[in-house]
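Me: I'm new to this one, so could you walk me through it? I'll ask as I go.
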Amino acid sequence: MNRLAWANMLAALALCSALPSCYLGVDVSAEDAGDGGTGTDAEAGEGEGDGDGDGDGEESQPIESTRFARLSHGQWENTVRDLFMLPEQTGFSSLFIGDPTSGKFDNDSDALDVTPTLWADYQRAAEQVADYVTGDALLLAAIVPDDLPEDAGDPSVRAKAWIDGFGARAYRRPLTSAEVDAHYYVFVQGVDLYDELDAFTAGVHMCIQAFLQSPHFVYRVEASETVGDDGLIHLGGYEVATRLSYMLWNSMPDQPLFEAAASGDLDDAAGVLVQAARMIDDPRAHDMVSDFHAQLLDTDHYLDQYKDPNFYPLFDAAITGAAMQRETELFVQSIVFDDQAGLAELLTAPYTFVNQDTAYMYGLGDGFGPDHERVMLDASQRSGILTQVGFLSSNAYPVDPDSIHRGVSVVRNLLCAPLPPPPDNVPPLPPTMGNTNRERVEAHTGDGTCGEGCHSGVINPVGFAFEHYDAIGQWREQDNGFPINDTDTFYFDAEPKTYDGAPEFGHYAAASTQVHACYVGHLLEYAYARDVAAQEQAIVDELAARSRDGALPIRALLLELTQTQSFATRYPLEAGQ
């Protein structure tokens with residue numbers, strides 16, 4: 001059997017030794033579950049898990065939050081980077097099999113499984129990480145402290161001390177003595193498998209593989225099982241710390257957060273807020289905010305656009321798309337962290353960030369370099385993120401704008417309005433024949449057509465607000481030689497609002513309770529890595545009202561989501577769930 005096969009077999013052995021307490025409910029001790037703390041209990045009685053449902057006397061359904069949320073590929077990369085204190089991500093997850101798309105966000109705990117193919121990917125990546133770290137003296141020194149005890153005639157003393165310290169970070173909680181012993185068994189096998197390494201480094205190499213293939217690393221395991229007087233399971237301090245770090249950082253806890261878990265500081269909402277307020281100013285929280293909005297706005301599609309070079313000769317999908325992504329990222333960061341503003345500003349702010357690849361789309365001319373610069377725009381033409389060229393061009397055809405997809409994107413992502421899937425074999429819009437884009441869309445999907453139900457009352461009125469923007473988001477005064485008509489009416493909060501173009505539409509959206517509730521719901525879904533539960537609708541509505549009234553900027557909204565009852569509790573479910 002070759003060395004890699006031995007390594008995989010032994011790593012799997014260590015992994016399986018951890019399975020019974022994790023998956024079968026056997027010997028789950030307080031030490032294994034964390035510190036046994038009760039977690040936060042803020043917001044009790046606000047419709048979040050009090051068993052009262054909507055107040056009609058019927059029992060509400062439990063919040064189905066998995067106890068074993070698998071790390072997304074991005075979270076795996078971040079966690080490996082932080083666990084080994086690397087300067088950047090390894091990129092090894094680029095070879096992982098892709099996850100199925102389910103829901104809006106890639107961290108959906110219900111959709112993330114370990115398939116046989118992914119299991120093999122984890123094995124390969126664990127070997128790569130171990131090679132990388134043990135092959136670099138500086139990286140190895142970062143995870144092997146100088147103050148480890150000397151052997152003193154017993155080589156297990158130093159090895160177990162390292163396993164205990166590193167393992168607590170890898171598993172995001174203290175190891176049991178049985179786990180330390182199991183990993184030491186793996187450690188000693190490395191001596192015979194890696195002749196080119198000294199004995200201790202060989203054992204470290206072997207254990208790194210075991211740790212990275214364990215369910216306690218791959219999953220965010222919540223072992224707490226004790227049901228409190230309120231009928232809920234209150235998570236232990238280490239479990240709360242893990243929820244908090246993967247919510248705000250998409251990565252593992254840092255040392256101050258581990259210390260807060262150990263001291264019991266995370267046993268109430270006030271302690272959680274102290275840590276959350278510290279963590280939200282970390283660059284990792286900025287990355288999380290960017291990732292949330294990138295997924296919400298589907299900015300990946302900025303890179304796979306095709307525009308007809310006969311009409312748009314300066315447009316390059318890779319270069320221009322990347323510049324559009326950077327524009328969105330900088331704009332979001334400016335709104336959330338620099339201005340500490342809210343959703344309304346995200347939808348209405350008349351500025352953006354451009355460089356030499358996108359300035360012409362805004363009619364700004366030359367004089368820009370490769371770096372993005374903040375510029376003020378004509379507020380009568382541009383208002384917030386929906387009038388930026390990334391959104392507009394990614395929802396457009398190679399030559400013409402696409403009113404339908406622009407409308408669908410806004411209705412689904414901004415209004416959370418349900419839309420049925422389109423029927424099969426829908427013919428494309430007819431070619432331009434002396435008429436405007438709006439006229440073609442209305443003739444194809446408007447009143448009196450088979451698409452009247454969804455289009456004429458919902459999709460089209462929203463999409464038509466963007467008729468002044470061409471296929472790459474440039475402002476245009478005419479369409480095929482005809483005047484632009486971007487006036488329409490849409491029901492915001494069940495009241496009709498008539499607008500003249502996208503800026504006015506954006507201001508109505510910014511004042512809409514429905515829009516703010518949609519955004520809060522999306523943010524909760526991303527933060528908690530699951531769907532919004534029925535019991536949580538009350539807190540969504542309350543936070544949305546405060547956001548609409550300008551009293552809850554996005555940064556503060558994130559902090560509020562760490563204070564809910566369901567953030568630090570779990571409903572007791574049937575065994576195995």
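Me: Which residues touch the most other members in the largest nonpolar core?
Reply: Bearing in mind that this is a predicted model, the residues that touch the most other members are Phe84, Trp162 and Phe466, in a core of 142 residues. The largest share of this core, 9 residues, is supplied by α21. Apart from it there is another core, of 6 residues, including Val186, Leu193, Tyr194 and Met206.

Me: And what does Phe466 touch, not counting residues up to four places away in sequence?
Reply: With those set aside, Phe466 touches Leu386, Phe391, Leu392, Arg406, Val410 and Ala502.

Me: Back to helix α21, then. Where is Tyr526, and is it buried or exposed?
Reply: Tyr526 sits in helix α21, which covers residues 513–528, and Tyr526 counts as buried because its relative accessibility is 3%, under the 20% cut-off.

Me: Which residue does the side chain of Tyr526 make a polar contact with?
Reply: That partner is Asp291, whose side chain is reached at 2.6 Å. Leaving aside neighbours within four places in sequence, Tyr526 is also in contact with other residues, among them Phe105, Asn250 and Met288. Along the chain Met288 is 238 residues from Tyr526, yet their C-alpha atoms are separated by 9.9 Å.

Me: New topic: where is Glu222, and is Glu222 buried or exposed?
Reply: Glu222 lies in the loop that runs between β2 (219–221) and β3 (233–234), and with a relative accessible area of 5% Glu222 is buried.

Me: Which side chain does Glu222 join in a polar contact?
Reply: The side chain of Arg570 is joined to that of Glu222 by a polar contact of 3.4 Å. Beyond four places in sequence, the residues that Glu222 touches also include Thr66, Arg67 and Arg243.

Terms used: Residues are numbered from 1 along each chain as its sequence is written. This is a predicted model: local features need pLDDT of at least 70, side-chain atom pairs count only at pLDDT 80 or more; totals for chains, interfaces and linings use all residues. Side-chain values use heavy atoms; hydrogens and water are left out. Helices (H or I, at least four residues) and strands (E, at least two) are DSSP runs, numbered from the N terminus. Buried means under 20% relative accessible area, exposed over 50%, partly exposed in between (1.4 Å probe, protein chains only). Contact means heavy atoms within 4.5 Å. A polar contact is a pair of N or O atoms within 3.5 Å; within protein, one must be able to donate a hydrogen and the other to accept it, and residues adjacent in sequence count only if both atoms are side-chain atoms. A nonpolar core is a set of buried Ala, Val, Leu, Ile, Met, Phe, Trp, Tyr and Cys residues joined through side-chain atoms within 4.5 Å.
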